[in-house]
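Okay, thanks for coming, everyone. I've got one model to walk you through, so let me put it up on the screen.

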Amino acid sequence: MKVSKILTSRSFEFDPSYHLIFEWEDGLAKALSLPVVDAKPFYRKMLINRYTKRVFNAFGDSALMALNNIVEAPVKAKKSDAKNLVFELYVSKEPNFSTSAKAIPIMIDFWKHTDLEQFYRIYKDCELVLISSLEAYCFLKAHGCPLNIEHFPLSLSDNLRMLPETHYEKKYDVLLAGRLNIRTNQNLRNYLEEFVLKYPDVEYLYQKEINGEFYYESNKNGIIGKFQSREKYLELLRASRISFYSTPGIDGGEVRTGGFNPVTPRYLELLSAQCRLIGKYPDNEETEFYELKKVCPSVGSYEEFEQVMLRYLNDDKPSFDTHRAILDKHYTSCRATLLKEILARN
């Protein structure tokens with residue numbers, strides 16, 4: 001199996017969640033010498049839009065699939081035909097450029113309560129589907145997935161590679177990265193609040209919404225800035241000594257993920273930024289694959305939390321050799337090598 005190009009949604013997806021996807025696209029394109037092409041060129045927008053979808057949807061998924069395959073041309077790709085690689089942030093519920101016979105979709109967020117029959121039906125024309133979460137991949141295999149699936153884990157851009165001489169000056173004690181109600185585990189937040197009452201000199205940053213915009217605020221110095229661009233966000237990570245990391249499917253997150261706990265790219269970003277980590281996560285194939293136990297103690301009580309925090313805060317010269325060793329396995333160039341191996345056996 002061969003890939004001829006990478007389809008991108010950067011011309012019509014502007015949510016910050018896609019910034020990472022665009023980094024992966026560029027990294028794979030560079031490593032594999034592939035062009036990055038607009039997933040919705042003008043002719044596609046003319047033929048598949050909300051009006052034509054409305055008409056074809058009246059005849060069911062099969063009609064829309066037929067239209068999608070006609071637009072993708074040929075209607076049924078031959079095995080020898082080169083494919084289009086495309087990242088899918090969510091499982092599609094209707095045929096599109098990532099579900100055609102010419103596509104190799106890379107599924108990012110795949111939750112346990114996904115309608116499997118619908119998933120199988122929508123992606124049935126794809127000769128290969130890549131699943132980023134090892135937990136989801138094992139789940140699908142255990143449930144007899146009829147699609148040809150392979151595990152293709154998420155990665156970190158080689159542009160963020162941590163070299164032996166890399167050293168970041170730390171300005172803040174603790175950073176709660178991302179929106180508090182989405183990204184930060186509530187139990188860890190509770191532990192931090194109790195910790196700061198006991199150790200009031202500790203400074204921590206958290207995100208705060210003001211008039212629809214998100215800022216970072218310090219418990220010591222008030223609002224310190226927005227940090228909205230990718231580079232500014234990474235600078236904030238690099239200026240922080242400690243950060244929290246939890247997988248999304250625990251302590252209330254089960255509603256969103258159905259109980260799946262994928263390790264997200266933020267973990268790799270935090271390692272690259274030389275942050276010391278405290279976490280909450282289950283012991284499963286996913287967390288084992290990314291070696292969380294080596295760098296991120298999973299705490300189950302305030303006492304454990306306090307012990308780890310004090311150890312980190314009192315360590316003036318931490319070693320990041322383990323961070324570096326883990327990251328060396330998960331750069332996008334490593335995934336390019338893996339993709340070549342997957343394509344060679346399919």
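This is a predicted model: local features need pLDDT of at least 70, side-chain atom pairs count only at pLDDT 80 or more; totals for chains, interfaces and linings use all residues.

Residues are numbered from 1 along each chain as its sequence is written, and side-chain values use heavy atoms, with hydrogens and water left out.

Cores, then. By nonpolar core I mean a set of buried Ala, Val, Leu, Ile, Met, Phe, Trp, Tyr and Cys residues joined through side-chain atoms within 4.5 Å. Buried is under 20% relative accessible area, exposed is over 50%, and partly exposed is in between, with a 1.4 Å probe and protein chains only. The largest core has 57 residues, and the members touching the most others are Ile-21, Leu-85, Ile-104, Leu-130, Leu-237 and Tyr-267. Helix α1, residues 17–32, gives the largest share of this core, with eight residues. There's another core apart from it, of 21 residues, including Cys-145 and Phe-260.

Helices and strands here are DSSP runs numbered from the N terminus: H or I with at least four residues for helices, E with at least two for strands. So what about α1 itself? Its buried residues include Tyr-18, Ile-21, Trp-24 and Leu-28. The expected span is 1.5 Å times one less than the number of residues. For the 16 residues of α1 that should come to 22 Å, and the end C-alpha atoms are 24 Å apart, which agrees.

Now the sheet. Strands pair if DSSP finds at least two bridges between them. We have an open sheet of six strands with mixed pairing, in the order β10-β9-β8-β7-β11-β12. At the edges sit β10 (222–225) and β12 (276–280), each pairing on one side only. β8 and β9 are antiparallel over six bridges, and there Lys-208 stands opposite Tyr-215 in β9. On the parallel side of things, β7 is joined to β11 by three bridges, with Tyr-172 partnering Ser-240. Two bridges join β7 to β8, also running parallel, and Val-174 is opposite Tyr-204 there.

Lys-198 and Glu-306 are 108 residues apart in sequence, and 9.8 Å apart C-alpha to C-alpha.

Last bit: phi angles. Most residues other than glycine have a negative phi. Ser-33 isn't a glycine, yet has a positive phi of about 55°. Ser-33 follows α1, in the loop between α1 and β2 (36–38). Gln-274 also has a positive phi, near 60°, and lies in the loop between α11 (265–272) and β12.

Buried or exposed, for Ser-33? Ser-33 counts as exposed because its relative accessibility is 66%. Gln-274 counts as buried because its relative accessibility is 3%.

That's it from me, so over to you.
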